[in-house]
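I opened the model to look up the ligand site first.

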Amino acid sequence: MSQLPFIDLGAQRRRLGDRVDEAILKVVNHGAYVMGPEVTELEEKLAEFSGSAHAISCSSGTDALAMILMAKGVGPGDAIICPSFTFAATGEVIAWLGATPIFADCLPDTFNLDPESLKKAILKARELTLKPVGVIAVDLFGQPADYDAIEPICSQEGLWLLCDTAQGFGGTYKGRRTGSIGESAATSFFPAKPLGCYGDGGAIFTDNDALAGIIRSIRNHGQGTDKYDNVRIGMNGRLDTIQAAVLLQKLEIFPDEIEARQLVAQRYNEGLGTQVITPVVADGCVSTWAQYTIRLSAERRAAFAEQLKTEGIPTAIYYPKPMHVQTAYRRFPVAQGGLPVCEKLADEVISLPMHPYLEEETQNRIIDAARAALASEAA
Ligand SMILES: *Cc1c(COP(=O)(O)O)cnc(C)c1O
């Protein structure tokens with residue numbers, strides 16, 4: 001049995017190869033390797049694509065989150081609420097700036113931030129005499145979080161909303177594109193994300209002109225109008241011109257790839273829905289399917305993964321530990337009532353190969369193997 005890839009970047013490469021090669025070579029020859037014309041062009045196209053006034057490209061998704069928090073001026077004494085069931089970068093940047101992450105629970109069906117737990121996390125912050133200042137919601141596995149429930153809580157409590165759409169860029173929430181939701185949003189162009197480059201990269205989105213100005217300054221060492229008068233503490237958070245050139249090519253086929261991902265997810269749902277808990281997309285949402293994640297009881301999951309592996313089919317566990325139980329993060333507070341859903345999901349989730357170039361025949365092989373594994377365990 002041939003070994004299948006979990007994410008097949010080679011298939012996209014075969015589709016786009018010449019165009020990307022030419023775009024890279026053009027940068028190599030024109031020589032503006034840092035902040036070259038492709039960077040400006042990409043930012044214009046990303047702003048248009050997302051429907052936000054400003055798109056600011058940067059060095060990674062993690063740096064995108066961090067630069068937004070730096071621009072907001074967060075620090076010790078501030079509490080920022082985020083879900084615990086996420087990639088570590090979401091909470092990492094909060095602690096990195098000296099603020100306190102307060103971890104909240106997620107919903108069992110969409111895996112995203114539970115608005116009720118968000119309220120309990122705000123209570124927790126006040127109980128600890130910390131000042132709740134903002135919320136980082138995550139569009140986990142590509143599905144937008146429940147913004148109709150989250151936004152009113154933020155406005156009532158006077159909190160800003162930052163959307164971590166590293167996995168969800170390109171998705172929609174009730175007609176709104178991710179990137180245009182919240183006061184600001186951050187995405188990642190890590191190669192395995194739905195829109196990835198050939199290295200590290202990311203972007204920040206906002207409609208707020210003042211915030212955008214500060215972030216652009218932070219991205220370049222806190223530069224003011226005079227290049228050698230740094231007006232604030234910044235960093236080097238720029239995206240390489242070569243990566244911008246790659247992304248310009250990939251952005252052109254991105255809508256088509258998002259469509260293809262819907263078809264792949266639908267085939268999985270049809271093939272597996274009667275046997276296992278398949279992912280739920282809320283009404284009015286379009287997921288980018290960064291991951292296709294099913295749930296099995298904790299006892300069955302290891303055997304399932306093992307059997308698929310013997311058939312050459314890779315699986316992955318995103319995430320085996322929620323943040324609040326990890327070594328570096330267990331000292332931080334959690335929402336009142338604890339995070340039972342995050343803990344249960346970490347024991348039960350398993351993701352199947354997912355990318356826009358998964359052909360029907362290959363996918364049937366995965367579905368058949370998964371069904372056989374599920375049936376043999378049940379027996
Ligand atoms: C990947 C990811 C990040 C970080 O992006 P990098 O580009 O790898 O730094 C942040 N948040 C979430 C939810 C992610 O999946």
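Two notes on the source. This is a predicted model, where local features need pLDDT of at least 70, side-chain atom pairs count only at pLDDT 80 or more, and totals for chains, interfaces and linings use all residues. Residues are numbered from 1 along each chain as its sequence is written, and side-chain values use heavy atoms, with hydrogens and water left out.

I looked for polar contacts (pairs of N or O atoms within 3.5 Å). A ligand oxygen lies 2.5 Å from a side-chain N or O atom of T62. For Q167, the distance from a ligand oxygen to a side-chain N or O atom is 2.7 Å. G61 takes part through its backbone: one of its polar backbone atoms is 2.8 Å from an oxygen of the ligand.

**Cover.** On its own the ligand has 380 Å² of accessible area (Shrake-Rupley, 1.4 Å probe). The protein covers 93% of that.

**Sheet.** Next I checked an open sheet of 3 strands, ordered β7-β6-β10, with antiparallel pairing. β7 (176-177) and β10 (285-286) stand at the edges with a single partner strand each, so one side of each has no neighbour in the sheet. Strands pair if DSSP finds at least two bridges between them. β6 (residues 172-173) and β7 have 2 bridges. T172 stands opposite R177 in β7.

**Backbone.** Most residues other than glycine have a negative phi, and most peptide bonds are trans. I noted F141, whose phi is positive, near 60°. F141 lies in the loop between β4 (131-138) and α6 (147-157). I also noted a cis peptide bond joining Y318 and Y319, with omega about 5°. Y319 sits in the loop between α9 (298-310) and α10 (340-348).

Technical notes: A polar contact is a pair of N or O atoms within 3.5 Å; within protein, one must be able to donate a hydrogen and the other to accept it, and residues adjacent in sequence count only if both atoms are side-chain atoms. Helices (H or I, at least four residues) and strands (E, at least two) are DSSP runs, numbered from the N terminus.
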